[in-house]
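Q: Hi! Could you walk me through the salt bridges in this one?

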Amino acid sequence: MNDITTSDPEIAKTITNELQREEQGVELIPSENNVSKAVLQALGSVFTNKYSEGYPHKRYYGGQEYVDIMEDIAIERAKKLFGAEHVNVQPYSGSPANQAVFFALLELKDKFMGLSLTDGGHLTHGSPVNFSGKYFECVSYGVEKETELLDMDSVRKIAHKEKPKMIISGLTAYPRKIDFKTFQEICEETDAYHLADISHISGLVAGGVHQSPVPFADAVTTTTHKSLRGPRGAMIMCKSEDRLHDKYHPNAKLKDGSPKKLSQLIDSAVFPGLQGGPHDHANAAKAVAFGEALQPAFKDYAAQIVKNAKAMADELMSQGIKLVTDGTDNHLILIDLRPNDLTGKGKLVQNALDDALITTNKNTVPFEPASPFNPSGIRLGTPAVTSRGMKESEMKVIAQGMAKVIKDPQNSSITEGVKKDILELTKQFPLYPGMSILS
Ligand SMILES: *Cc1c(COP(=O)(O)O)cnc(C)c1O
């Protein structure tokens, strides 16, 4: 039972270097966050040793007395946090969670609607290179050319014309609020299931600063590692009853002849439909993160994420940087590099910002004129820097540094200067004080 520093110095070195990278830089990738020490401890625990196929109190192997208690707590906390009727905490990650919902509700080749990738949707919302676009028929909806905003009337029109069996609401690169309620109305008008994928914004929803789809959507998926600030993983929340049972699943019956519930369709799609044994260590860490999100301080955290994003957006714009939709009302900002003469130069700018210790990701902008490998946008967000305790004034400093780099991305004396400012800033906000390698 050796310590990793002596048993495997090669990998230990990569971990200590990563810790230092995270301490020194500012993390602005909007899908990332910094989890608590308690979450890291649960992740690094002996639950990783256990196999527990099945669900609490209905397992296929022995030795489940503590796993069952842990998974029950995770489920109860998630229910309380989001007001959900039914929760499955076993999905390994966001993509498998969405896959499980597809397999629970649709047949292969069935038609569904999702937000197109270039307009801010996720791969699993119908991209042709993903299972969702390959094995199902996707009709994409997108943002309007003029406003770069979602127009619910045009979503409604497409839904009435195409009659999809499911509509996905949710975003991965859209800086504005989503009107889940109107999505639900459209789904009810057209007899479509509503899958709300709140992976990016579940921390904002839990913190009460974004409308929640949980009270009405048939199924809600979320990753647990983004703004929710838990371990890598996901969960599915859903209604108990299948609103469209008679139309789409008339033959889905239990042994006693009663209709299968929606929650049963989803649970069996996760296990045994798609997955084997749940990742108990990750689920323990999910429980810890849900417990943290139930504390009053998490509401302040979620509100601060949004305030920080606004402060950063305002400062970027006042420095002459163009933002998609000219601002943000969530945690996410999309910079449009085209007016800075950087069309198709997202990668160049991402690398220049990396050199200045500001971590972001290149991204397409709506109606992208260049290629997805060299797109014209930069995506960023504030969940991680907010976890670190940074506030509006720090956002200003970071935004000013970013603007300098964007205006002259190939000038290394500028990136060096910004890097110094960033090092100075991050020193004042230690991430994991005293941590060496193990949690
Ligand atoms: C991140 C994300 C996912 C996928 O999550 P993975 O854990 O990376 O598989 C799915 N949907 C949306 C909207 C996301 O933002």
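Q: Which residue does arginine 243 form a salt bridge with?
A: Arginine 243 pairs with aspartate 218, and the closest N and O atoms are 2.7 Å apart. A salt bridge here is a side-chain nitrogen of Lys or Arg within 4 Å of a carboxyl oxygen of Asp or Glu.

Q: Where do arginine 243 and aspartate 218 sit in the chain?
A: Arginine 243 is in the loop between strand E10 (234-238) and helix H10 (245-248), while aspartate 218 is in the loop between helix H9 (202-206) and strand E9 (219-223). Helices (H or I, at least four residues) and strands (E, at least two) are DSSP runs, numbered from the N terminus.

Q: Is aspartate 218 buried or exposed?
A: Aspartate 218 is buried at 2% relative accessible area, and arginine 243 is partly exposed at 33%. Buried means under 20% relative accessible area, exposed over 50%, and partly exposed in between (1.4 Å probe, protein chains only).

Q: Good. What kind of model is this, by the way?
A: This is a predicted model, where local features need pLDDT of at least 70, side-chain atom pairs count only at pLDDT 80 or more, and totals for chains, interfaces and linings use all residues. Residues are numbered from 1 along each chain as its sequence is written, and side-chain values use heavy atoms, leaving out hydrogens and water.

Q: How many salt bridges does the structure hold?
A: There are 19.

Q: What about glutamate 18, which residue does it bridge to?
A: Glutamate 18 bridges to arginine 21, at 2.9 Å between the closest N and O atoms. The two are 3 residues apart in helix H2 (residues 9-24), so about one helical turn separates them. Glu18, Arg21 and Glu27 are linked in a salt-bridge network.
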